[in-house]
Amino acid sequence: MLSEPPKRAVALNQGSAEILLSLGVGDRLVGTATWTDPVLPELAAANEKVPRLADNAPSFEKVLGVEPDFVSASFESVLGTGGVATRERFEELGVATYLSPTDCGAKVNDGGGDGERTAPLTMDAVYQEIRDLATIFAVQDRGERMIADLRGRLAAATEGLDASGTRLLYWFANSESPYLAGCCGSPGVITTELGADNVFSDTKAEWPQISWETVAERDPDVIVIGDLTRKSQTAETAAAKIAFLESHPVASRLEAVKAKRFVPLSGQALNPTIRTVEGVEKVASALRGFGPLG
């Protein structure tokens, strides 16, 4: 639908916004929405110039009010049925749309919850999103430089690390019925890059809700916890999660809890974004500090 690069773009998810800001096209953003974390420090100045339409999903009318010619999103839950609006509804009004390849193709989103993957996510999907958006905005060289930088950081983070046999648990949100990572989303990328194991690698659901009793049966070596600044679930911050774990009658008996082997990560690092690389870096650093666990 686009005959020229967008002039008035809206990013409906933080992940998409941070890619566009990193590509240097913040002057063409007229709105962002659905944030879980503070923006990357190096993007803060550019981000301050872009209106935030909502911390969570904005209304369709709010988005149309800034007169976009292009809308991008990281998740079908935002740009789809039940979200801000479907892609078809935007495009009927002449607004071009883009949905990240990290959330379509090998991911099924029509079964409720956060979807299920039929094949493991890889960083190639994130690189494809960068290339697609760079092409749409006619800044291909910047896109390739971004990808090269991310590849270099991944290689540096894992060089010489032996995490084989180390069993990881990823907890995104909610204390009573926690959302824990299945095999194949962004935590799967982190686990694979590190050569470690995910204690729930036997489920393809993106973020299934699993009881603490089941977690206790698998007793992870390390707990990677979402450190979120949003306020839509219980125990959003890392501090709240750790306090819960240390006081819960079942969770407090986990070896990782008794040994205080926690690794806080931003929500964006636990989502399929450019910050997944940050997740690899921080978990790798923590594992080196913990020493052999497998």
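Which side chain meets that of Arg131 in a salt bridge? The partner is Glu144, at 2.8 Å from N to O. A salt bridge here is a side-chain nitrogen of Lys or Arg within 4 Å of a carboxyl oxygen of Asp or Glu. Arg131 lies in helix 5 (residues 123-136) and Glu144 in helix 6 (residues 140-158), so the pair ties together parts that are 13 residues apart in sequence. Helices (H or I, at least four residues) and strands (E, at least two) are DSSP runs, numbered from the N terminus.

The model is predicted: local features need pLDDT of at least 70, side-chain atom pairs count only at pLDDT 80 or more, and totals for chains, interfaces and linings use all residues. Residues are numbered from 1 along each chain as its sequence is written, and side-chain values use heavy atoms, with hydrogens and water left out.

Buried means under 20% relative accessible area, exposed means over 50%, and partly exposed lies in between (1.4 Å probe, protein chains only). Arg131 is partly exposed, at 31%. Glu144 is also partly exposed, at 38%.

The structure holds 13 salt bridges in total. Side chains of opposite charge can pair when their charged atoms come close. One of the bridges joins Lys7 to Glu4, at 3.6 Å from N to O. Lys7 is exposed, with a relative accessible area of 54%. Glu4 is partly exposed, at 44%. Another bridge joins Arg230 to Glu236, at 2.8 Å from N to O. Arg230 and Glu236 are both buried. Salt bridges also form a network, which links Glu18, Arg275, Glu278 and Lys282.

The cysteines come next. A disulfide is a pair of cysteine sulfur atoms within 2.5 Å. By this rule, the structure has 1 disulfide. The bond joins Cys183 to Cys184, with an S to S distance of 2.0 Å. The angle about the S-S bond is -90°, and the link of Cys183 and Cys184 is left-handed. Cys183 is buried, at 17% relative accessibility. Cys184 is buried as well, at 9%. Cys104 stands apart from this pair: its closest cysteine sulfur, in Cys184, is 16 Å away, which is too far for a bond. Cys104 is partly exposed, at 32%.

Two residues other than glycine have a positive phi. Thr34 has a phi of about 60° and is not a glycine. Thr34 sits in the loop between strand 2 (29-33) and helix 2 (44-48). At 19% relative accessibility, Thr34 counts as buried. Lys260, also not a glycine, has a positive phi near 55°. Lys260 sits in the loop between helix 10 (255-258) and strand 12 (262-265). A pocket is an open set of points, where a 1.4 Å probe fits, with protein on both sides within 12 Å along at least five of seven lines. Lining residues have an atom within 4 Å of a point. Grid points are joined across faces, edges and corners, and a volume is the space filled by probe spheres set on the points.

The largest pocket has a volume of about 890 Å³. Its lining has 36 residues, of which Phe75, Ser77, Val78, Asp114 and Arg230 lie nearest the centre. Arg230 is also the salt-bridge partner of Glu236. Helix 1 (14-22) and strand 8 (167-173) each supply at least two residues of this lining. By class, the lining of the largest pocket divides into 9 nonpolar, 19 polar and 8 charged residues. Ala, Val, Leu, Ile, Met, Phe, Trp, Tyr, Cys and Pro count as nonpolar, Asp, Glu, Lys and Arg as charged, and the others, Gly among them, as polar.

The second largest pocket holds about 200 Å³ of space. The residues that line this pocket are Ser22, Leu40, Glu42, Leu43, Met146, Asp149, Leu150, Arg153, Ile274, Arg275 and Glu278. Helix 6 gives the largest share of this lining, 4 residues. The lining of the second largest pocket has 5 nonpolar, 1 polar and 5 charged residues. Arg275 and Glu278, both in this lining, also belong to the salt-bridge network with Glu18 and Lys282.

Note on methods: 1 Å grid on protein atoms, 1.4 Å probe; cavity = no way out; pocket = protein on both sides within 12 Å on 5 of 7 lines; lining within 4 Å.
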